Amino acid sequence: MGAGGVSPTAAAALLVLAACATACAAQLQRDYYADVCPGVEDIVRGAVATKFQETPVTVGATVRLFFHDCFVEGCDASVVVASTEGNTAEKDNPVNLSLAGDGFDTVIRAKAAVDAVPECRNRVSCADILAMATRDVIALAGGPSYAVELGRLDGLSSTASSVDGKLPAPSSDLDQLTTLFAANGLSQTDMIALSAGHTVGFAHCSTFMGRVLGPTPDATLNASFAAQLQEWCPPGVDPRMAVTMDVVTPRAFDNQYFKNLQDGLGMLASDQVLYSDPRSRPTVDAWAESSDAFNEAFVEAITKMGRIGVKTGDQGNIRCDCAVLG
């Protein structure tokens, strides 16, 4: 089915997702820890700032970690859980093996800083720490700062098999992206805004070189950029080799992502399609023109994403160690 219509079944599913999102929003509160750990946001922000100063790639690593967490079983820090002899966790699904260690380290450090305060020890969930840390790295990189809704519990399970089919492939077209995000209660506009997280991201050579070296080179890719990619990722290069996705302002969280798409500098096919497809191009053009409009849309989208699959009550707990279920 094309983008022009929505089937009755799909419409009903979207209504259910909207109702779930509304319920989750009601359960979350900006001042959730006011009575038990009133300084939690300052504590997390301080730990994140220290990590950022040591390793700027922390920004992209943490943003991506939050996305991969929320899209698989909801925003419950299940992606942070380590595998055990009896269980292969989410982080060890092949799709997640490329998640940078700096994102995990950011959460672990922030959790340690929070638990170092007696009144806060084991009172703040890893899921909420990841949500706050994501907001903080974005702000440190020059992006918008925003209020984070809190009150998530940590998930009680984490399995590699639960990841399959939940995350967008680098070759996804607009319909595939729109459908995947809609399954999480997010609109096409939300999807385009969240895709701009790639402005501080890195991509492995294996995720985009097919566009350059395939039997039919991707015509939407800037020719000079394609030549540069071939230099960065020559034949035989380690497929785990990663390169910055925004070649203009790689360390800034800004709207350069959209300007790059206008110039054919989208590294992944799933990025460039946002401009090459006429249905999404007007949004790309608008946000390339106005950073304020993009920032507003991004804050709305990431706030909505933070409500996906929130665990409350007996659905979750607060882990003493973010990497260990229990």
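A cavity is a set of points, on a 1 Å grid over the protein atoms alone, where a 1.4 Å probe fits but cannot get out. This is a predicted model, in which local features need pLDDT of at least 70 and side-chain atom pairs count only at pLDDT 80 or more, while totals for chains, interfaces and linings use all residues. Residues are numbered from 1 along each chain as its sequence is written, and side-chain values use heavy atoms, with hydrogens and water left out.

The structure holds 2 cavities of 30 Å³ or more, a volume being the space filled by probe spheres set on the grid points, which are joined across faces, edges and corners. The largest cavity has a volume of about 90 Å³. Its lining residues (an atom within 4 Å of a point) include Phe 66, Tyr 146, Glu 149, Arg 152 and Thr 303.

Helices are DSSP runs (H or I, at least four residues) numbered from the N terminus.

In helix α9 (residues 223-232), Phe 225, Ala 226 and Leu 229 are buried, that is, under 20% relative accessible area with a 1.4 Å probe and protein chains only. They lie on the same side of α9 because they cover an arc of only 100 degrees around the axis, taken from the directions from the helix axis to the C-beta atoms. The face turned away from that side carries Ala 223, Ser 224 and Glu 231, which are exposed (over 50%).

Technical notes: Helices (H or I, at least four residues) and strands (E, at least two) are DSSP runs, numbered from the N terminus. On a 1 Å grid over the protein atoms alone, a cavity is a set of points where a 1.4 Å probe fits but cannot get out, and a pocket is an open set with protein on both sides within 12 Å along at least five of seven lines; lining residues have an atom within 4 Å of a point.
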